[in-house]
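Subject: Structure for you to look at, with notes

Dear colleague,

I am handing over a structure for you to look through, and my notes on what was found in it follow below. Please keep the model open while you read, and turn to each place as it comes up.

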Amino acid sequence: MMEKANLKELYQKLELTKDINTKDTDYVLEIKFDEILNDEEIELIKIERKILSLMFNKGKLISRFFSPEIVFDELFSDYETDYIKERIENTQNPYITIRYLIIIWNKTKNQEYSKLAFDKTFDILKKSIDSKSITFIDANELLLICRNIVEKSKYRKEDFLNFLQAFKLYIKTPYDFYFYLEQLVDNKLISSGLLNIIISDYIDYVKLEIQYYFHNKNGFETLLPLIQKAKLSVKEVYSLMAENEKILINHREENDFIKLNLLRKKAEYEKLAGKVEDSERTLEELTKIKFDINLNKTNFSMSSEDSKELEILWKIIDSKSSFLSTLSAEYIIGYFATDFKNLHTVTTEKGNKPLLDGVFNTILMDINNNTTEKRSKNNLSENISAYYSLFFMPIFEQTLYKSIINGHLNYQNFNDFLKNTWLGQPTKFYKGNIEIEESWLTLLQPGIYNFFSLFEHQAIHNKLKTDLYILSIDSLTLKFEGILRDFIRLLGGSTIKIKNGVSEEILLEEMLEHKVIKENYEEAEIELFKLVFTRQGINVRNNIAHSFYKTTDYNFKTISLIILCILRIGRFQFEI
């Protein structure tokens, strides 16, 4: 197999890898093959692309995209497994070899591969640490790979535990310390006694400075259960948490409502730390200022590190949208219509978790300015909204813009795509004795045409206004409810209820709870529909129907979410 493959340039590129997680996620896209590839070579390229689509996260291989955990038996065929085994023998790059070995181990369950993977990972880790040629974060990921192997195989357990303790010597900043805690959370190899030894000096690694406030805040939440498992006193942790809140309090104005909530949390932590008098003094300060509190805009400046992370996020969005925009219209539209199998959750060993679990806080204030904090992880719509705002929407908008500019996407091929879904399939119904045949696409076309013609005009003339989608939003919003009703009817469900002895059509919210919808759409898709069209979210349907929207409400975010919902609800074909 290897002799036949004319892929020398690809393999040479892979040999240059210097990181367990490749910085460029798809080397194949950088290579222009001079010769025509045969079928076998194309298959080998696809295998390498599949491998490079995986990344290590907390020691485990996961998809780079938002998808459930990998099922290796389904992801790689026997043919692909044999190819990867051959590649293990041919590559000289240890990082690529580790990736291959972990895949084969997960696929075959053969512990010999896990042992080889551990040896190579452990060897790289020790050499890189000694030569100072690796960041602490990257070294921590390598150690997490070792931990994952040892937990399942018990191979070189003592070597791992000894190095885990010595690894603390390389901690330089609070950031490093909180990354190090990942090694200890749910670690099946560490007894409570050993954990006590490892973290008993945790105070030495905490710095109470303004640039560490948010990192400390998240780190303390990780530290608390470890302190309890190690049978150490949690009061000192709560005392540090109170001091951490004090840092931000000192940077807030007296009439800032954020300060109100910070004081409340500080008083709570002081009480849990056993500092009752301090807690009472903080509450006295809280009482003194809470009736003078005003809601002001928050001023916030990012650190250089946070700015770099945003730059990386934008590079991902720009790269993803640039790649998508070069593909055929069918693939571009199909990607947004069907590829997000789980729109906001990731399946883990502990069940489904929201993508943005615990990222946002909601502060509730009553008439007396008393505040309570509500974690957004219990509100799926908030997580979906944040996910689409931060990640999906920029990719969707940039892909539309670039693919319209380069001519790959337009009204016609978007319309052609929908023709092949159930929305484009004509259905028969009767008005009196007259048989009528009609598809939903006919009713959607005016709104879709309006959207594409406006957006194309704006894109070409570099005038991306946000208030020109009145016709398309009004039209497509009202059509969505009818589409939903017909979908239920076509699959044999009823959309009629009896209320006070009178039969009437069920409401949009009731349709989204209908068993037909729940049987055919994923929970995340239904949550998306609720987010867009009901009062649980931005309530577009009600606002349109009752003319509550003003000109500026007719923005690109709203129309793109509606377009997405139409793509998602139309992702079936009926056999009539």
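This is a predicted model, in which local features need pLDDT of at least 70 and side-chain atom pairs count only at pLDDT 80 or more, while totals for chains, interfaces and linings use all residues. Residues are numbered from 1 along each chain as its sequence is written, and side-chain values use heavy atoms, with hydrogens and water left out.

**The chain as a whole**

The secondary structure of the protein chain comes to 25 helices and 10 strands, where helices (H or I, at least four residues) and strands (E, at least two) are DSSP runs numbered from the N terminus. Of the 576 residues in the protein chain, 46% are buried; buried means under 20% relative accessible area, exposed means over 50%, and partly exposed lies in between (1.4 Å probe, protein chains only).

**Helix 10**

In helix 10, which spans residues 192-199, the buried residues include Leu194, Leu195, Ile198 and Ile199. Seen down the helix axis, the buried residues of helix 10 fall within an arc of 115°, so they line one face of the helix; the arc is that of the directions from the helix axis to the C-beta atoms. An α-helix has 3.6 residues a turn, so residues three or four places apart point the same way. The cover over the buried residues of helix 10 includes helix 8 (157-166), helix 9 (174-181) and helix 11 (213-229).

**Two buried residues in loops**

Asn21 is found in the loop between helix 1 (8-14) and helix 2 (39-52), and at 16% relative accessibility it counts as buried. A polar atom of the Asn21 side chain lies 2.7 Å from the backbone nitrogen of Phe56. Not counting residues up to four places away in sequence, Asn21 touches Met55, Phe56 and Arg99, contact being heavy atoms within 4.5 Å.

Gly59 sits in the loop between strand 1 (54-57) and strand 2 (60-63), and it is buried, with a relative accessible area of 3%. Although Gly59 and Ile145 are 86 residues apart in sequence, they are 3.8 Å apart in space, C-alpha to C-alpha. Leaving aside neighbours within four places in sequence, Gly59 is in contact with Glu141, Leu144, Ile145 and Asn148.

**Positive phi**

Most residues other than glycine have a negative phi. Lys154, however, has a positive phi of about 65° although it is not a glycine; Lys154 is placed in the loop between helix 7 (136-153) and helix 8, and it is partly exposed, with a relative accessible area of 49%. Ser547 also has a positive phi, near 60°, and it lies in the loop between helix 24 (540-545) and helix 25, where it is exposed, with a relative accessible area of 59%.

**The largest cavity**

What lines the largest cavity? Its lining includes Ile332, Phe336, Phe396, Thr399, Phe452 and Leu567, and helix 16 (329-338), helix 17 (380-405) and helix 25 (556-569) each supply at least two residues of that lining. A cavity is a set of points, on a 1 Å grid over the protein atoms alone, where a 1.4 Å probe fits but cannot get out, and lining residues have an atom within 4 Å of a point.

With best wishes

How values were computed:
A polar contact is a pair of N or O atoms within 3.5 Å; within protein, one must be able to donate a hydrogen and the other to accept it, and residues adjacent in sequence count only if both atoms are side-chain atoms. On a 1 Å grid over the protein atoms alone, a cavity is a set of points where a 1.4 Å probe fits but cannot get out, and a pocket is an open set with protein on both sides within 12 Å along at least five of seven lines; lining residues have an atom within 4 Å of a point.
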